[in-house]
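Welcome to a short tour of this chain. Have the model open beside you and follow along, section by section.

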Amino acid sequence: MKQQSFIISVIALSVSLVTFGQPSNTTLISHWTQDSCYQIEIIGDYLYLISAEREVTILDISNAANLEQVGEVTLGDSIYNILELLSVDDYLYLLVEVGAVDAYLITYDVSNPTDPEWTSSLELRIDDTGCCEELDARM
């Protein structure tokens with residue numbers, strides 16, 4: 001069975017899935033509204049969305065016409081701010097700003113997206129300007 005192809009659009013408060021292929025046949029497949037949408041990553045059939053400064057929402061996109069939230073990662077303390085996320089294999093990496101001076105790389109095992117498990121955290125140094133806003137992986 002051929003996997004469905006689609007474009008994912010993140011605009012302000014929503015995620016939209018749109019057919020991919022012939023431009024003349026482009027149609028909206030589904031739409032998900034969230035308090036806020038910052039960034040996405042996809043691992044298999046799951047879309048990971050920074051949906052608030054301290055939260056990652058996990059959506060099942062295996063049925064693109066029927067998006068379903070299956071889990072979330074929440075950093076409860078108000079001093080946390082998720083700046084960036086990156087997925088590699090079954091791991092989700094969050095670059096998290098703590099206050100205005102500290103940052104952490106927090107790792108979650110998302111092999112079971114309905115129950116993400118914290119794996120580790122690593123304190124990172126931020127320079128005097130407070131700039132630390134990008135994650136990338138080299139394989």
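## Asp 60 and its strand

Let's begin with Asp 60, which lies in strand β6 (residues 55-60); strands here are DSSP E runs of at least two residues, numbered from the N terminus. This is a predicted model, in which local features need pLDDT of at least 70 and side-chain atom pairs count only at pLDDT 80 or more, while totals for chains, interfaces and linings use all residues. Residues are numbered from 1 along each chain as its sequence is written, and side-chain values use heavy atoms, leaving out hydrogens and water.

Is Asp 60 buried or exposed? With a relative accessible area of 16%, Asp 60 is buried (under 20% relative accessible area, 1.4 Å probe, protein chains only). Its side chain makes a polar contact of 2.7 Å with that of Ser 62 (a pair of N or O atoms within 3.5 Å, one able to donate a hydrogen and the other to accept it; residues adjacent in sequence count only if both atoms are side-chain atoms). Setting aside residues up to four places away in sequence, Asp 60 touches Asp 45, Tyr 46, Asn 66, Leu 67, Glu 68 and Val 70, where contact means heavy atoms within 4.5 Å.

Five of the six residues of β6 are buried, so the strand is largely enclosed by the rest of the structure. β6 pairs with strand β7 (residues 68-74) in the antiparallel sense over six bridges (pairing requires at least two DSSP bridges). Thr 57 has Glu 72 of β7 as its bridge partner.

## The open sheet

Further along, four strands form an open antiparallel sheet in the order β8-β9-β10-β11. β8 (80-88) and β11 (117-124) are at the edges with a single partner strand each, so one side of each has no neighbour in the sheet.

Eight bridges join β8 to the antiparallel strand β9 (residues 91-98). Here Asn 81 stands opposite Glu 97 in β9.

## The nonpolar cores

The largest nonpolar core has 16 residues; such a core is a set of buried Ala, Val, Leu, Ile, Met, Phe, Trp, Tyr and Cys residues joined through side-chain atoms within 4.5 Å. Among the members that touch the most others are Tyr 48, Val 56, Leu 92 and Tyr 108. β9 gives this core its largest share, four residues. A second, separate core of eight residues includes Val 15, Trp 32, Cys 37 and Leu 67.

## Confidence

The chain averages a pLDDT of 76 (the predictor's confidence in each residue, from 0 to 100). Among its elements, β7 has the highest mean pLDDT (90) and strand β1 (residues 6-11) the lowest (62).

Definitions and conventions. Buried means under 20% relative accessible area, exposed over 50%, partly exposed in between (1.4 Å probe, protein chains only).
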